[in-house]
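Good morning, and thank you for making time for this presentation. I shall go through one structure, beginning with a chain as a whole and ending with a sheet.

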Amino acid sequence: MPVKVGIPRALLYYYYYPLWKTFFEELGAQVILSSPSTKGILTDGLKSAVDEICLPVKLAFGHVQDLIGKVDFILLPRLISIRKNEYICPKFLGLPDMVRRLAGIPPLIDVNVNRYKGNNELYQAVKEVGRLFTRNHLKIWLAYRRSLKVHRHYFRLLHLGLMPADALAVLENRVKNEPLPAPGKITVALLGHPYNIYDPFINMNIIGRLRTMGANVITAENLKQKIVRSYAARLPKKLFWTLGQHMIGAALHYLERPEINGMIHIAAFGCGPDSMTGELIERKARGAGMPFLNLTLDEHTGEAGVITRLEAFLDMVRWKMAGTVGVT
Amino acid sequence: MRLTFPHMGNMYIPLTAILQPLGVEVVVPPPSSKRTLTLGSKYGPEFACLPLKLNLGNFIEAYELGANTVVMAGGCGPCRFGYYAQIEQAILKDLGYELQFIVLEPPERHINELLRKIRDIAGRSSWWQIVQAIRFGYQKALAVDEIERSALFSRPREKVPGSTDDALKKALEMIHSAATPRELTAARERALALMGEVAVDMDRPVLKVGLVGEIYTILEPFANLYLERHLGRLGVEVERSIYLSGWVNEHLFRGLARGIGSGKKARAASYPYLRHFVGGHGQETIGGAVLYARRGYDGIIQVFPFTCMPEIVAESILPDISKDYGIHSLTLIMDENTGEAGMVTRLEAFTDLLARKKETKEAL
């Protein structure tokens, strides 16, 4: 029977799931994903995490608990840095230590992923993980190469304008032969941490709602790194959070694009980086006269309230496009 | 150039001591107050942590006193503090305050980046004078910490309530007004003597509590709502994990000066609870808690500003230490809505708990 590795459908799942999935499957392990977020999963997370921590981490706690009893290992790498001289967030640094204390947890795969010094420690981390399954170095190396290829393919799909859920469907060959829906008249840039904007449960399916209301949605992940980086470099000081860099770079880029009609920033309640990057983005958007909506998510956010705000926001965008209101 | 800086407890004493001999005009912002906080939370980002809001308030109040340049430290993450200066600058600019910022960042490529900024501040003073000024400031930081430590000892034992704080205020003023190293030596002796004169009752039973957490809320009495004072009145002797001089030694001098820099020890003790640094003082909080528990303290109090990321990680792990070592812990989170009376109630309940536990332990 193959070893079962559990991957929580949370945090940087939206970036690295295809990579890890391919890697584990190449090594003969079976990958089990936690169920899509639900009220039950969030409640489990709320019970085991401290009150002060942000919503996405609480949800991650819930996803880890969802995997208990189903798997032999849980993949929970300590993501220290995924790019030179940048960090993710202190909570990512401490996540394995916070999760380890939960009752009944299977062994964690908690390798350090640290590229802060710019070296190729990604492979070091991958090698350490691979050792759990095989002693054959060549096999690990080949699996790594293969998973990197899939990872690049996944990001190419995102750069084409797909959302992670759609890109995963393409990768896994689940796309049906249907005509694409007609594009909306409005295009809205949706900015935020990937785990906040792509999890339809915690953001009340904001992407789907915007689409049904007639708006196209584009995100920071639809942009190539080169563009994001060159715009983010305009800040007086380089931001040291990788995800913050993505948001700021994308915001500055989209503020200059005439086809973008509005901007939505999604923050999690109590998120440290969001309190700073959100402030910067809001100031820039106001300066550029771009319609801007800041949504803060927490476990109490009411669905009706979010819909009302989205409707009001899109009305504002439409009025501005029709020239009936001036600068917001 | 009229220079100002953010408040952090008694940091203004060593900072003034460094800047004044270099011929810099220093504007010390008024002590942090309700008004400072109101200004800061009005203009600062809603979910920014408390220190940013107080800093912002300090700058506005210093501007009103005529300051035109701010000097502060930077950083390279992952804690938010590293980006404070840029956010505060953007906010102040939009509000129309004309304040220049000199941000002392850890040099990325070459030490010259930092030296050039120091040169900007110091004007025409020689490097020798600058080194002397920094040494003088460090001496003052050491003296301030000595005085504070003696206040922590006498506060729970004082015979006349409030006498320690009266003496502390006078003693700090003595250190602050010393203008030369020679004057400082005399002032330090007089100040310590003054602290020694506080009448204490050595037989009174006191509880020992270790204070861990985020540096700003530990060092700034306004930010922690005078936590140490309240604990002292409740008969608790507080041992702090962080002192100004220790922090300066570790971060600016890289541990060159011999001193009480116990950060390394604390970080080592944090294993296996927290196996990696998490920014800020998260690892020191966990390690400090372990050390206090091993040394047989009665309790641990953790204090940090609302939404502080490294300390939230530590908070998640602190219950394990409580369980493993059988030591009680209390987490206090500070923001602009925290009420002093509510905090005192919690402290009273906590000290009652500790006292009862100590009694049963001693009776056995």
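Predicted model: local features only at pLDDT ≥ 70, side-chain atom pairs only at ≥ 80, totals over all residues.

Residues are numbered from 1 along each chain as its sequence is written, and chains are lettered from A and ligands numbered from 1 in the order in which they are written.

Let me start with overall dimensions. The radius of gyration of chain A is 20 Å, which agrees with the value near 20 Å for a compact globule of 328 residues. That radius is taken over C-alpha atoms, and the globule rule is 2.2 Å times the number of residues to the power 0.38. Along the principal axes, the C-alpha atoms of chain A fill a box of roughly 65 × 45 × 40 Å. Of its 328 residues, 48% count as buried, meaning that 20 or more other C-beta atoms, placed from the backbone, lie within 10 Å of the residue's own. Among contacts in chain A between residues at least 6 apart in sequence, 70% join residues at least 24 apart; a contact requires C-beta atoms, placed from the backbone, within 7 Å.

Next, the domains of chain A. Domain 1 covers 4-165 and domain 2 covers 180-322, with bounds from an automatic or database domain assignment. Their centres, taken over C-alpha atoms, are separated by 25 Å. Across the boundary, 27 residues of domain 1 of chain A are in contact with 27 residues of domain 2 of chain A. On the domain 1 side, helices H1 (13-26), H2 (39-48), H3 (55-67) and H6 (137-159) of chain A each supply at least two residues, and H3(A) gives the most, with four. By class, that side has 18 nonpolar, five polar and four charged residues. Here Ala, Val, Leu, Ile, Met, Phe, Trp, Tyr, Cys and Pro count as nonpolar, Asp, Glu, Lys and Arg as charged, and the others, Gly among them, as polar.

How many residues of chain A are in contact with chain B? There are 29, and they meet 32 residues of chain B. Strand E4 (78-81), helix H4 (90-100) and helix H12 (272-288) of chain A each supply at least two residues of the side that touches chain B. H12(A) gives the most to this side, with seven residues. The classes on this side of chain A are 16 nonpolar, five polar and eight charged.

Finally, I turn to chain B. Its domains are domain 1 (2-123), domain 2 (135-202) and domain 3 (205-364). An open sheet of four strands in chain B has the order E6-E5-E7-E8, with parallel pairing; strands pair if DSSP finds at least two bridges between them. E6 (236-240) and E8 (328-334) of chain B are the edge strands, each pairing on one side only. E5 (207-213) and E7 (299-305) of chain B pair over five bridges, and Val209(B) has Gly299(B) in E7(B) as its bridge partner.

Technical notes
Contact = placed C-beta atoms within 7 Å. Buried ≥ 20, exposed ≤ 12 C-beta atoms within 10 Å, placed from the backbone.
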